[in-house]
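I opened this notebook to look up the aromatic rings of the structure and their surroundings. My entries follow in the order of the search.

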Amino acid sequence: MPSYGQGDPDSAVVDYVTLFQDFLQNFTDERGERKYMSRIREMVFYEGKSIAIDFEDLARFSDELVLALDREPQKALEALSVAIKSIVESVNESYASRVRRFYGRLTGWIKPTPIRELRSDLINRLVLLKGIVVRATPP
């Protein structure tokens, strides 16, 4: 079980990687198909770098991963990236070696936050914002 903010921080990330790998490899939908393995194979076929992950699926699979995303989003998302990369390496090693990082995009986040309600208590927390970008400046 990952320790939240205690002990070696890298050990928590390793635990999260294992949990995310288990989720991605073993989660089955209502038809009994391995939903995320199919998405990973599709991502590799189209040479993508991200897959959509339904938050409700994650919540049904593991409360521990939901807590990790809520309490330590940076560590949890980094672990998700590492887990995706390790699975892609087993699917197509040459493609995995060409891509530096893979991303899991969470969809269906339970708690959308209106942009006007962003406050300092949400620093270091994972939030979902809804809105339209009307202007952006290049970095």
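I searched the whole structure and found 7 aromatic pairs. A pair here means rings of Phe, Tyr and Trp (its six-membered ring) with centres within 6.5 Å; planes under 30 degrees apart count as stacked, over 60 as edge-to-face and the rest as tilted.

I looked up phenylalanine 23 and tyrosine 36: their ring centres are 5.0 Å apart and their planes stand at 40 degrees, so I recorded the pair as tilted. This pair links distant parts of the chain, 13 residues apart, with phenylalanine 23 in helix α1 (residues 9–26) and tyrosine 36 in helix α2 (residues 35–45). Helices are DSSP runs (H or I, at least four residues), numbered from the N terminus.

I next looked up phenylalanine 23 with phenylalanine 61: the centres lie 5.3 Å apart and the planes at 65 degrees, so this pair is edge-to-face. Phenylalanine 61 belongs to helix α3 (residues 55–61), so the pair ties helix α1 to a part 38 residues away in sequence.

I noted one aromatic cluster, formed by Phe23, Phe27, Tyr36 and Phe61.

I then checked burial, where buried means under 20% relative accessible area, exposed over 50% and partly exposed in between (1.4 Å probe, protein chains only). Phenylalanine 23 has 0% relative accessibility and therefore counts as buried; phenylalanine 61, at 31%, counts as partly exposed. Among the buried residues of α2 are Tyr36, Met37 and Ile40.

For the record, this is a predicted model: local features need pLDDT of at least 70, side-chain atom pairs count only at pLDDT 80 or more, and totals for chains, interfaces and linings use all residues. Residues are numbered from 1 along each chain as its sequence is written, and side-chain values use heavy atoms, with hydrogens and water left out.

Terms used. Helices (H or I, at least four residues) and strands (E, at least two) are DSSP runs, numbered from the N terminus.
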